[in-house]
Amino acid sequence: MKMKLTTMALTALMAAGPAMADLVFPSLSYRTGPFAAGGIPFADGYADYFTLLNERDGGIGGIPARLLECETAYNTEKGVECYESTKGEGALVYQPLSTGITYQLIPKATADGIPIHSMGYGRTSAKNGKVFSHVFNYPVNYWDGASVGVNHFKKQAGGSLEGKKITLLHFNGAYGKEPIPTLEALSAQEGFSLNTIAIDYPGQEQKSQWLQIRRERPDYVLFWGWGVMNQVAVQEASNIRFPMENFMGIWWSGAELDVIPAGDGANGYKALQFHNVGNDFPVFADIQKHVLDAGKAAGAGDQIGTVLYNRGVYAAFLAAEAAKAAQAANGTKDITPAMMRDAMEALKIDEAVMAAAGLPGFGPEFQVTCENHGGGGMAAVSQWDAAAQSWSLVSEFEASDNAIIEPLIMADSKAYADENAIEGRCN
Amino acid sequence: MFYREAGDFKTSYTDDSQTFPIKFDRYRYYVVLGVAFGVIPFLINDYWANAFLLPFLIYSIAAIGLNILTGYCGQVSLGTGGFMAVGAYACYKLMTAFPDVNIFFHVIAAGGITAIVCTAFGLPSLRIKGFYLAVATLAAQFFLVWLFNKVSWFYNYSASGQINAPERTVFGVPVTGANTEAWATYLFCLVFLAISAIIARNLTRGMQGRKWMAIRDMDIAAEIIGVNPLKAKLSAFAVSGFFIGISGALFFAVYLGAAEAGDSFGIQKSFLVLFMIIIGGLGSIFGSFAGAAFLVLLPVALKLVGVDLFGWPTDIVAHIQLIIVGALIIIFLIAEPHGIAQLWRVAKEKLRLWPFPH
């Protein structure tokens, strides 16, 4: 009987949902579960930017954007269900905000011809567009992050990391393990010794990890965490009085909610960013006026200007720009996922584009090509000011060390190509 | 009325001891098999396969496996997630090491490897019982997940520790990888489920099953009447591990396509399968199906109704879903502690007498 009811519900749904002339952007969000604290602001930013485009400009090129939100709770099985339930609606691009779900969608979405944009997460070697035709990870990936972080420490140490000790504190999963190959290569090149310490999910208890750090006294600590793990790590670092300016998180470990609980102890904590921080951009005034004040905010409306909200806005901005480019390139307003993919592959983000969207200087300039789906690999370092309760960028957007990363990307993508018998493209 | 034995005469012992002795039951079983094999493959689409049917089929196999161990032999196990991981990683290693061998054999071999691992972790059951054994199997869960995270040989030294199922075919039709058709994956899993269920049902009806049940009901008495507890317990672990390994292999290779030990085979998986057999009914093959259906289909159905039909915000629906599923579990356990299988038995009994209950 239960089966029958769902059948009826589903057939009713399928009959009621014909293809409408709009641009569909699925948002596989997580507003519940262990990582909701990071998932909510991102999902809000992603949704609010599209609402802004609809309210202010009447959509993208005159066609309204439709956001299909589906709750994954960061769970890979729910992610599969969300993907299957939204792909038939004409989804243009998937941004799952989870490395695990991204890995699952890579083969599926490639077979279905729908592009994936894993912005600053997912499979790093997807940068190699020759192998991964439908996966994009511009503007930056984890290996760029590791390289930029190490370069920053190198500068901080006065130009050499010879004989220094760097510890990578990471989530014990796909996401946290990604930077290890790069750091190993860098350690051989720069002469620092690398030690990795894993934190198991969900990471509310890190006493033993920080005891180990206290015992080994590393000069610098790099941190790959997400969710509650971040707050605990920052708190523990401040408890053992680890010098905060030598402690740097990846961009997923550098939001306000990660550092506020530690109070003054978090002052000076650093985090990598691939977009700007703060709410001092024209687009936020527009969002305030057209979305929040109009009562159309996706969430509570209190996240505007926070790091992860900005990242959601940035993700939506990149998707909208690609959709615009696809409309222009094909001379049609109603684009397909295939046109979207082609446009993403030719996407060029420069200062003029960002300024036109009300985001001047928000991120690095980059250009996507058939061979390079990863953009320029530029990241900046931000630092937390506990007194002012704000993040600020303390460096320019700097390029990563491509000589180290390129061979690793080639090796990893070649392994994937061999396992799945993929012929290279772009020739 | 419906379940009538009257007029259904048996003329041989084979007839009398068959799985479904009542004619109506037997025909219903044939109809279910016929629909599952002959009708659904023609109607299925990607959404139905990936949202409902594949997880239902695969969790049913896992629930059958755990039910043999916990429901029939009385050995509580919290290591199901870890054992599923063994099946998944074994399947992955076999798939990549022997690409020319048919995936069908890889899945069976993965079940065999899991049976060996499961038997090894079953050794403590010879000395400890009940809650203490549950803790020992919990150790297996954590150890196995740690092992698959730590030793990079298991994931072929890939950078992230994820394993990806490459494309493999059966009779030229791809069943794993990206280019699968919904009907092919469905049928592939269905074949495994049907065979597993038939084997499990007949094992539990036969001498082996009676030995397991004797151990479950009172191990000392069982030993006195001549049941060897070592053989009985370890065989339960082995058979259970075999089915759980198959389900883990299918879960990774056919359903998810990519997996990671901690994420896909964590402790939540162990609890989920345990809840399935508790809600479905301990010591019942039908209960394994019912429990898997309850815990797989209900959340998705609630989501469909809440988000797609009523248009509520996704986070509210996710929270309501937790509340409803939790409440239903409690209501079920209070109203019918022996699970859905017992409800089904009572319903059958009533139908047998209907419309003259006295």
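Which residues have the most contacts inside the largest nonpolar core? Here are my notes, starting with that one.

1. **The core.** B:Ala88, B:Cys91, B:Cys189, B:Leu250 and B:Phe252 have the most contacts inside the largest nonpolar core, which has 244 residues. A nonpolar core here is a set of buried Ala, Val, Leu, Ile, Met, Phe, Trp, Tyr and Cys residues joined through C-beta atoms within 7 Å. Buried means that 20 or more other C-beta atoms lie within 10 Å of a residue's own; exposed means 12 or fewer, partly exposed is in between, and C-beta atoms are placed from the backbone. The core draws at least three residues from each of domain 1 and domain 2 of chain A.

2. **Before you read on.** This is a predicted model, where local features need pLDDT of at least 70 and side-chain atom pairs count only at pLDDT 80 or more, while totals for chains, interfaces and linings use all residues. Residues are numbered from 1 along each chain as its sequence is written, and chains are lettered from A and ligands numbered from 1 in the order in which they are written.

3. Leaving aside neighbours within four places in sequence, B:Leu250 is in contact (C-beta atoms, placed from the backbone, within 7 Å) with B:Ile58, B:Val107, B:Cys189, B:Phe192 and B:Tyr255.

4. **Two domains in chain A.** The assignment, automatic or from a database, gives domain 1 (22-140 + 277-376) and domain 2 (142-276 + 380-407). Their centres, taken over C-alpha atoms, are 26 Å apart. Across the boundary, 25 residues of domain 1 are in contact with 28 of domain 2. On the domain 1 side, α12(A) gives the largest share, five residues. That side divides into 13 nonpolar, 11 polar and one charged. Nonpolar covers Ala, Val, Leu, Ile, Met, Phe, Trp, Tyr, Cys and Pro; charged covers Asp, Glu, Lys and Arg; the others, Gly among them, are polar.

5. **Chain A against chain B.** Here 39 residues of chain A are in contact with 37 of chain B. The largest share of the chain A side, seven residues, comes from α4(A). Helices are DSSP runs (H or I, at least four residues), as are strands (E, at least two), numbered from the N terminus. This side has 13 nonpolar, 13 polar and 13 charged residues.

6. **Strand β5(A).** Six of the seven residues in β5 (165-171) of chain A are buried. A:Thr167 has A:Asn195 as its bridge partner in β6(A), and A:Ile166 stands opposite A:Tyr220 in β7(A).

Key
Pairing = 2+ DSSP bridges. Contact = placed C-beta atoms within 7 Å.
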